[in-house]
Amino acid sequence: MTSTDQQPFLSVKDLKVHFSTEDGTVKAVDGLSFDVAKGKTLGIVGESGSGKSVTNLTILGLHDPAHTTIEGEILLDGENLLTSSPRELERLRGNKMSMIFQDALASLSPYHTVGRQIGETYRKHTGASKKESRDRAIEMLRRVGIPQPDMRVDDYPHQFSGGMRQRAMIAMALVCDPELLIADEPTTALDVTVQAQIMDLLKDLQQEFGTAIIFITHDLGVIADIADDVLVMYGGRCVERGTKREVLRSPQHPYTLGLLSSMPSLEGPVDVPLSPIPGSPPSLLNPPSGCRFHPRCAFADKVSGGLCSTAQPALDVVDGRGSACHLTLDQRDEFFADFAVSRHN
Amino acid sequence: MSNATPLLDVSGLTKHFPIKGGFPIRRTVGAVQAVDGLDFQVAEGESLGLVGESGCGKSTTGRLITRLLEPTAGTISYRGEDITHAGRRQLAPIRSEIQMIFQDPYASLNPRQTVGKIVSGPMEINDINPAGGRENRVRELLEIVGLNPEHYNRFPHEFSGGQRQRIGVARALALEPKLIVADEPVSALDVSIQAQVVNLLQKVQQELGIAFVFIAHDLAVVRHFSQRVAVMYLGKIVEIADRDDLYGNPRHPYTRALLSAVPEATVDDDGPVRERIRLVGDVPSPISPPSGCRFRTRCWKATDKCANEAPPLVQVEGNKPGHLTACHYPETEALIPARLSKNPGAAA
């Protein structure tokens with residue numbers, strides 16, 4: 001994030017994505033800004049309905065234009081994607097930027113061989129011949145660690161196991177050497193041992209190609225493994241951002257703190273109950289006033305004048321580090337101290 | 001645990017699902033060996049965790065215990081009574097003592113019934129009329145699980161995922177069961193909600209003294225909830241031990257690999273780097289599991305012996321009583337000793 005000498009590869013500025021529905025306007029994303037540099041991984045964490053997936057569908061231009069209002073700017077290598085024509089977007093998608101989804105089986109066509117699906121993207125963007133694209137598909141399958149790629153290239157998705165499908169999808173996403181890869185919960189449906197394999201693979205490929213990755217997940221453990229920088233979303237807004245180390249070791253927002261302390265761990269005490277965040281995530285149809293987290297926040301009464309329920313806290317970002325909370329830094333040091341003790345004794 | 005009759009005693013439990021094929025006469029051409037010879041006990045008020053990757057047979061085990069599936073072989077005893085092939089009539093009184101909580105809080109509640117109807121359903125079926133009436137009992141149960149008793153007449157769609165799971169818990173508690181089989185009760189929930197439900201189940205277990213078979217793939221959740229943990233792989237238990245032994249001193253290579261694959265929300269320099277084992281490949285098909293030790297195809301220690309001889313589930317040298325491992329070459333070093341020694345002071 002400290003790209004002082006060069007401009008970030010992807011830059012999202014004050015993005016707002018609103019959907020009009022029969023019940024009213026859903027403010028799925030409400031003023032979100034972030035940058036991703038080449039060769040870096042930005043982890044976006046949030047619960048269901050926090051707007052993390054919508055953000056990334058918008059970057060790729062995959063939203064339904066009839067019911068969506070978008071404001072702000074998305075700059076990919078200096079080019080504003082929000083003003084690009086569908087044709088231009090089509091040229092970029094799969095080529096300069098691509099995406100991996102959670103459910104590999106649903107994202108692959110059951111009627112076409114894996115090789116054909118991987119090769120298709122390549123042919124479309126490079127104009128390669130059938131033979132060339134097939135060779136390319138085999139090479140990609142080999143690179144993502146599928147055994148006997150020259151045989152498996154003619155298999156159909158159902159002949160692959162869950163982990164192999166996810167690998168095939170990664171192969172498809174990387175076939176044109178994209179500079180930006182968006183991974184939306186790519187390991188959530190996988191078993192832990194396979195999840196570990198896939199994350200290692202993504203890290204290796206990133207090192208090799210210098211791809212910028214946006215990694216969306218609800219699992220802070222996965223973030224700790226793969227991300228360089230972290231952005232925590234709640235109710236369509238960013239509540240905290242910083243490097244992985246900063247966010248996981250010294251969270252500045254009560255929500256991040258709550259997420260970390262509600263996670264059971266493989267170490268540490270077991271006989272004390274977990275500390276969950278009370279309540280449930282807000283509806284984006286009628287989000288709470290002021291700070292969207294205040295109805296669930298343990299510290300909302302510590303701020304004088306009921307500021308939390310009336311005023312939206314600003315996200316002040318200095319050197320990529322920031323949080324949106326009305327508590328003063330001293331207050332946070334005081335209130336969050338217990339957390340530091342119990343977690344990093 | 002060994003002197004008294006355990007609440008649940010499972011031995012040699014096996015379930016093979018036949019695969020039919022052929023034309024014109026469909027014959028059995030093979031079998032999915034979902035569960036293959038399980039032995040374990042659950043004591044009264046104890047919580048046993050069953051962990052493993054998808055396809056290891058943990059859910060099938062849960063459904064066998066509750067007798068939703070008919071076992072192929074082996075025995076299940078409940079309070080010393082053999083219920084392996086018990087008929088409807090014999091099972092009726094036991095069914096009310098063994099309840100189940102399901103994974104999907106959306107699919108497991110009837111959308112056309114009110115909460116009151118759902119939670120009082122088990123009492124209706126068993127013709128139980130508690131003092132003060134069923135409605136009162138339901139309100140009491142709703143209160144126990146942390147829901148507003150005033151929501152008696154609401155429908156499931158009016159609740160969030162976490163609240164629905166609470167309704168599922170209330171329903172399971174309605175008949176004052178002795179044993180609850182919880183099949184992935186929190187894996188469909190968001191992290192912050194997951195902790196709420198884990199705490200609720202823990203409270204229920206401790207205050208009401210209900211025994212649990214807690215099925216989950218999340219090792220951290222299981223560690224938090226279960227006193228004893230069994231690790232399953234391809235239909236077999238590979239290791240079973242008290243919580244501290246299993247997580248602190250895992251002897252089976254698979255247990256170690258599984259533990260090392262769990263991503264933890266800590267930054268590397270927070271302590272000694274955790275052991276890192278990366279398994280290659282996928283779980284083999286349960287239709288034709290590997291000979292001998294089923295884990296051998298992914299194990300880095302496998303030898304010819306592993307292919308020829310299935311390792312028995314025994315107390316290997318150096319294990320405490322009750323810590324059983326099925327491996328010819330058990331691991332010997334304790335896991336991440338530096339961090340474990342820190343634990344006692346952690347409850348600050």
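How do the axes of α11(A) and helix α6 (residues 191-208) of chain B cross, and within what distance do they come? Some notes on that and a few other spots follow.

1. A word on the model first. It is predicted, so local features need pLDDT of at least 70 and side-chain atom pairs count only at pLDDT 80 or more, while totals for chains, interfaces and linings use all residues. Residues are numbered from 1 along each chain as its sequence is written, with chains lettered from A and ligands numbered from 1 in the order in which they are written.

2. Now the helix pair. The axes of α11(A) and α6(B) come within 9 Å and cross at roughly 45°; axes are lines fitted to C-alpha atoms, for helices over the stretch in contact, and angles run from 0 to 180 degrees between N-to-C directions. That makes α11(A) oblique to α6(B) (under 35 degrees is roughly parallel, over 145 roughly antiparallel, 65 to 115 roughly perpendicular, the rest oblique). Helices (H or I, at least four residues) and strands (E, at least two) are DSSP runs, numbered from the N terminus.

3. Who meets whom here? On α11(A), Gly258(A), Leu259(A) and Ser262(A) meet Val191(B), Ser192(B) and Ala195(B) of α6(B), where contact asks for C-beta atoms, placed from the backbone, within 7 Å. By class, this contact has 3 nonpolar, 3 polar and no charged residues (Ala, Val, Leu, Ile, Met, Phe, Trp, Tyr, Cys and Pro are nonpolar; Asp, Glu, Lys and Arg charged; the others, Gly among them, polar).

4. Zooming out, the contact takes 47 residues from chain A and 42 residues from chain B. On the side of chain A that touches chain B, α8(A) gives the largest share, 7 residues. That side divides into 21 nonpolar, 17 polar and 9 charged residues.

5. Do look at helix α9 (residues 253-261) of chain B, where 8 of its 9 residues are buried (20 or more other C-beta atoms within 10 Å; exposed is 12 or fewer, partly exposed in between, with C-beta atoms placed from the backbone). Among the buried ones are Tyr254(B), Leu258(B) and Leu259(B). The buried residues pack against α8 (192-209) of chain A as well as α7 (219-225), β9 (228-233), β10 (236-242) and α8 (243-248) of chain B.

6. Two backbone angles may interest you. Gln148(A), in the loop between α5 (130-143) and α6 (149-152) of chain A, has a positive phi near 45° and is exposed, with 11 other C-beta atoms within 10 Å. Glu176(B) has a positive phi near 50°; its loop runs between α5 (161-173) and β7 (179-183) of chain B, and with 12 C-beta neighbours inside 10 Å Glu176(B) counts as exposed.

Technical notes:
Contact = placed C-beta atoms within 7 Å.
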